[in-house]
Every structure is written in C-alpha cells, then in structure tokens.
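Visitor: I'm new to this one. Could you walk me through how to read it, a feature at a time?

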Amino acid sequence: MALDRWIALILLGICLVYGYTAWFTMDAGLAPFMKRNPIWPSTFPKVLSILAITACLVILSGIEKSEPKEAEIDYRRLHEYKLGQAIMLLGLMVAYALCLRPVGFIFSTTAFLFFGAFILGERKWVLMTVVAVIATMIVWYLVQEVLGIYMRPLPGFLGG
Amino acid sequence: MLEGILIGLQTAMSLQNLLMVIAGCLIGTFIGMLPGLGPMSIIAIMIPIAISMGDASAALILLAGVYYGAIFGGSTSSILLNAPGVAGTVASSFDGYPMAKQGKAGKALTIAAVCSFAGGTIGALLLMVFAPMLSSVALLFHSAEYFALMVVGLSAIAAFAGTGQVAKAMIMTVLGLIMATVGEGALFNLPRFTGGIMDLQSGIGFITLAMAMFALPEALFLVLKPKAAGSAEGEIKDLRITRAEARAIAPVVARQSVQGFFIGVLPGAGATIASFLGYAVERNLATKEEQAEFGKGSIKGLAAPETANNAACTGSFVPLLTLGIPGSGTTAILLGALIALNVSPGPRLMIDEPQIFWAVIMSMFIGNLVLLVLNLPLIPYIAKVLSIPRNYLIPFILFFTLMGAYIGQNNATELLILVGFGVCATALKFADYPLAPLLIGFILGGMLENNFARSMQLYDGISFIWERPMTLGLLIIAALLIVLPSFRARRARLRAAGVADGD
C-alpha cells in the first residue's frame, strides 16, 4: 500500500475519533436552554466528520486514480537522502523549544545556530561562532528593543 | 473614486508608509530569491512584525510589498538557477533559464522586471475599477450567502489545488476546518475537542500552523536533498530590450495582465494557475515559428507568466478586500494578519475604513515602481545572495520559523506543536497531499461556522438553503466544482484506455 493510502488510513482513524466525540459525547454537557437552539456546538463538527470520513474512504478505496508524478523527493528511497541531518535538526528544534525559557534567549539561540551549522557539516569553528553570536544579538535587539517583545535573555541564575 | 484615490495617496505617501513599501519590497525580493521560501512563508515570518506595528494600513502595505517582492525574487532564482523559489514562478523558468544559459541572463531579468511592473500596475488599475463594483454587490450578501460563498471558495481551492486528485485536496480542506473547531467554539464559547489540555483552549495558533505547513517542510526538503546551488555564476550582460522585442512583448503583456487579474480574482486560482494558463494561452496564440521557440528561450514565453503572476497577485486582493475571502494561500495568511489587527475585511471595509482600502491600492502602484527602480540596477548584485552557504542558510530558516511561532504566542509549548505539525506536514508532502487547502480551510473554518450558525438561527433550521435562491445557486456551483474535475479526469482516462463514450 502506498504512503498516501497509509496516511489516509491514519486520517480516517483521527476522523472516526473526532466523529465519535461530535456525535455521541459532546452533547452530554449541553445546558437545556442550549438544546432549544436550532444549531448546537456539535452540529458543524458532525457535518465535517461525515465529509472527512467520506474523503478518506475515497482515497483508501482508490476510486480516484491520479497519474504517478515525478515527486521532488521519493520517500521510498528516503535513506538515500540526508535523513540523519533532517532528524538531528528536528531534534535540535525540540531541544531549542525546551531550553528557550530556562536557559534564556541568547544562549539557546547562539547554540541553535552553531549546532545547526555543525549538523549540516560546517567545521569552521571561529566563523560559525562569530556568525551565530552576531545574528543572535541582532535578532535579540530587534525583537526586544525595536518590537518591544520581552524575551528572557539570560538564564534565571544570572538574573535574566 | 477620486476622493478615495486622494485618501489613499495621503495615507500611502506618508514617510513611514513609503519606507514600509520600500522595506517590504526589499525584504520580499531578497528572501524570495532563496529557493524554498515562497511568499507564503515570508509573509508568515513577517506577520509578527506587521502585527506588532499596530497600524493596520502600514502593516498591510508592508505585507503587500513583501508579497510583490517575493514573487519578483522568485523569478530571479528561477531564471538564474532554474530553481524557482515560488510556485508562481515555475513557468518563468521554462523560458527564462534557457535564455540565461544562452548568456542573455541580463535581458531575461530585465524582461521579468518590466513585465512584473506592467502586470502589477495594470492589475492595480483594474482593482481600482472593479473592487468598488464587487463590493457594492457584496453588500447584498447575507450570512447565508456568505456561508455559501465560503463553501464555493473552499471547493474551488480543492478543485484547483490538486490536479487529478480532488479527494486529497478535499480531505486537506476538511482537515483544516476540523482543526478550526478545536478550542472555544462559535456558539456559547463552549470548549470543544481540547482533550482537557489547557493549551488548546484558545485553539491552534494560526502562525504556528502556517509555519508548520509551509516553511518547515520546505526547509526540511532543502536538508534532505541539497541542490547544487551557487553553480551558475550567470554572466549579466546585454541588459537592453530592443525595439522589436518590445513590440513583440507588448500584446502579450496587455492580454496577460487582464487574464491574470481575473484569474487572480477567482478564489482558489491565484498566481500559480495564472502563470501556467498565461504560458499555455500565449503559446497557443503565437505563430508557428514563435511556437517552436517556446521552451528554448522565447521572450514571449518569459513575458507571459511574469505578467500574469503579478497581475494575479493584485487580483487576489479583490476578494480579500471586498468580500473577506482569500483567493490564495498567501492572501489567506494576509487575512489572518488583518483579523489580528482588528480589521475585518469585507464590504464594510471601504465604508468604515477607506484609508486602509485605498492606501493599499496606492501602495501597489508605489510598490511596483519601487520594485522596478530598485531591481534594474541591483540585478547583477541580487544573484550573489544565493551563494550564502546552505550550512548557514538552513539553520537561519529554521530559527526564523521558530521565532515566528514563538513571538506570536509567547509560549514555548507552541514550538513543540510547530515541530510536531511540521513533521506531519512533511509526511503529507511526501505523499503528494496539497498543504495550502488545509491552511485556507483552517482560516475560513471559524467564519464559515459563524455564518452558518447565524443563518441557522435566523431561519430556525437549514431552510435558508432552498429559501434563498442565491445561496442555493452558490452551493450548486460549489458541488459542481468538486465533482466536475474528477469526472473529467475519469472520462479522459477511460477514453485513453479505449473505452467508447456512451451516447
């Protein structure tokens, strides 16, 4: 089974859960006066769940065949691409999200830009550090001073 | 109209707003040149900045400038490197890149700049004439018709977005609508589908979703498949267009400005469709000898898509400004920005806040002029940006997507949601699911439900569908738009397989 149909199967599962909630569990907490209304909060989701499940089934059943196109990236040969780099960068993004508050903007962003270049295979240590630090300071200045959005610059124990 | 033009000039000619246009065009041009960052991603990145300016007309002027700049910048990289950074400029590379290979890179870029200018300016003129007309018609619309119109818009997107795969586009649209129902609902502010998670109470962040759908997958694709960038050090010479060439292009520009504009007006069409259609139409209209040139460096083949995509960009502002319906993914993002700035686009916009409406139109003229003036002398230098090593480029792209989502919500959880959705979006992109319908569905979802609920309450049931002929008509059009393309594709396939049509 091709990837697009696997995805349709997963989406079908999500839509079934969504539909079950809309049809059977959502209306339980509805106050009596709301029930006199011609439209309930669950009305629209009910319609959507039917549409979504129909579309999923159409893709799954393969009624509508599309011409195989030359995709930009062939997922069947994913390991031939730089998959490791992509996954490591995603991991780096998660780490950045978790560090941003406790470690502060300046350290985490500098580290993000540095390790981002490192993962992609850059080894000019001085240049990497300089670029990361300068870019971080410029962005921090723009966001904090020009746009006035507060971002904790330093870790908590340094008084940031 | 004259009064409106004067109001617009007054607003747009203020020093701050002029700087906004120039800044927007420059930012758009430079980021648009980077392969992988289209106008949608750039505008999504610029939204936090635009929103925090607080002034709606300045913000819209900035974003419109970015939009034009991005489309022009995209054509630069598609001509020089055959690497279109924007979907709307793919057609420009058909003839632009062969021209660059023949050493006519300078001429190709000049044609692109001039045609973009002409398309954008003629488009803005048409916008001035037709937008007020469309908006007076729009005042006759009730919530029932709005609901129906949004369904038409959504179905048109589904029909256009995936050629020959309408079901996929439809599931993505519905998925967007489903995501829009998460959080406090349109009725009674009852939290729905939050799963008891407090972070979802206010719904899924719009910027987060925009970043996850467009910017992140594009960046990941760049990581996965490094393109040979910086290899084409295009010689920039022979900048001038000869008189004969100008005469050959002129009718193309005139036709494509009008055609592109009206395609742009239709919800769901937009610059990409306009540029492909423009290329196809001009190819069919050309003489036999000229037809042979197409695809091998024909100036007509370059002028057509360049004119059409800029005219369509302008055209897509008509439904956005007068009806509040985005005609493309980019204007969908702009709509989100407008709502965040407490401006509700729609028929009342011209009456309640004429200075915003007219300032945007005037800034289109100024923006196009600025683009031309800035880009003609900059052309030789512009190409140098592409040679930023990707080792530095990609971390910065990722960082800016993260910052966009973080500044919008000031919530680190949002970044985790962003990465999660980004991975899902990349998987969807692998499987050739179109991502733009999802975002458009997400943005239209709330309004769709609001108008649906309002008309349900007014008519105490769904009788408004058959009691209001216009609603019924629009809904029938929507149904046809979904069914027809798949029916046609099916018939064409059957015919190709040698099965005779029944008569």
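Guide: This is a predicted model. Start at Asp460(B), which counts as exposed because it has 11 C-beta neighbours inside 10 Å, and a residue is exposed with 12 or fewer. Asp460(B) sits in the loop between H20 and helix H21 (464–467) of chain B. Its phi is positive, about 50°, although Asp460(B) is not a glycine.

Visitor: What is Thr121(B) in contact with, leaving aside its neighbours within four places in sequence?

Guide: Phe365(B) and Asn368(B). Take Phe365(B): it is 244 residues from Thr121(B) in sequence, yet their C-alpha atoms are 5.9 Å apart in space. For the whole of chain B, consider contacts between residues at least 6 apart in sequence: 79% of them join residues at least 24 apart.

Visitor: How do I read a whole helix?

Guide: Here's the general idea: an α-helix has 3.6 residues a turn, so residues three or four places apart point the same way. Now try H19(B), with its 19 residues. From first C-alpha to last, H19(B) reaches 28 Å, close to the 27 Å expected at 1.5 Å a residue. Its buried residues include Glu414(B), Leu418(B), Phe421(B), Ala425(B) and Leu428(B). Lys429(B) and Phe430(B) are also among the buried residues of H19(B).

Visitor: What about two helices side by side?

Guide: In general, two packed helices are described by the angle between their axes and the distance between the axes. For a case here, pick helix H10 (residues 243–265) and helix H13 (residues 299–315) of chain B, whose axes come within 7 Å and cross at roughly 30°. The crossing of H10(B) and H13(B) is right-handed. The residues of that contact divide into 15 nonpolar, nine polar and two charged.

Visitor: Let's step back to the chains. How many helices and strands are there in chain B?

Guide: Chain B has 22 helices and two strands. Of its 503 residues, 62% count as buried. Chain A has six helices and zero strands, running α-α-α-α-α-α from the N terminus on. Of the 160 residues of chain A, 24% count as buried. Among contacts in chain A between residues at least 6 apart in sequence, 59% join residues at least 24 apart.

Visitor: How many residues of chain B are in contact with chain A?

Guide: 55 residues of chain B, and they touch 53 residues of chain A. The elements of chain B that give two or more residues to its side include helix H3 (39–53), helix H8 (166–180) and helix H18 (390–409). H18(B) gives the most, with ten residues. By type, the residues on the chain B side divide into 39 nonpolar, nine polar and seven charged.

Visitor: How far should I trust the details?

Guide: As a general rule, where pLDDT is low, the predicted coordinates should not be read in detail. Chain B averages a pLDDT of 76, and 80% of the residues score at least 70. Within chain B, confidence is lowest in helix H7 (residues 143–161), at a mean of 68, and highest in H19(B), at 88. Over residues 228–236 of chain B the pLDDT is below 50, though beyond near neighbours in sequence this stretch has 17 contacts in the model.

Visitor: And chain A?

Guide: Chain A averages a pLDDT of 82, with 86% of the residues scoring at least 70. Confidence in chain A is lowest in helix H2 (residues 32–35), at a mean of 80, and highest in helix H5 (residues 105–119), at 90. For the model overall, the scores are ipTM 0.87 and pTM 0.67.

Notes:
Residues are numbered from 1 along each chain as its sequence is written. Chains are lettered from A and ligands numbered from 1 in the order in which they are written. This is a predicted model: local features need pLDDT of at least 70, side-chain atom pairs count only at pLDDT 80 or more; totals for chains, interfaces and linings use all residues. Two residues are in contact if their C-beta atoms, placed from the backbone, lie within 7 Å. Helices (H or I, at least four residues) and strands (E, at least two) are DSSP runs, numbered from the N terminus. Ala, Val, Leu, Ile, Met, Phe, Trp, Tyr, Cys and Pro count as nonpolar, Asp, Glu, Lys and Arg as charged, and the others, Gly among them, as polar. A residue is buried if 20 or more other C-beta atoms lie within 10 Å of its own, exposed if 12 or fewer, and partly exposed in between; C-beta atoms are placed from the backbone. pLDDT is the predictor's confidence in each residue, from 0 to 100. The expected span of a helix is 1.5 Å times one less than its number of residues. Axes are lines fitted to C-alpha atoms, for helices over the stretch in contact, and angles run from 0 to 180 degrees between N-to-C directions. A crossing is left-handed if the near helix is turned anticlockwise from the far one by less than a right angle, and right-handed if clockwise.
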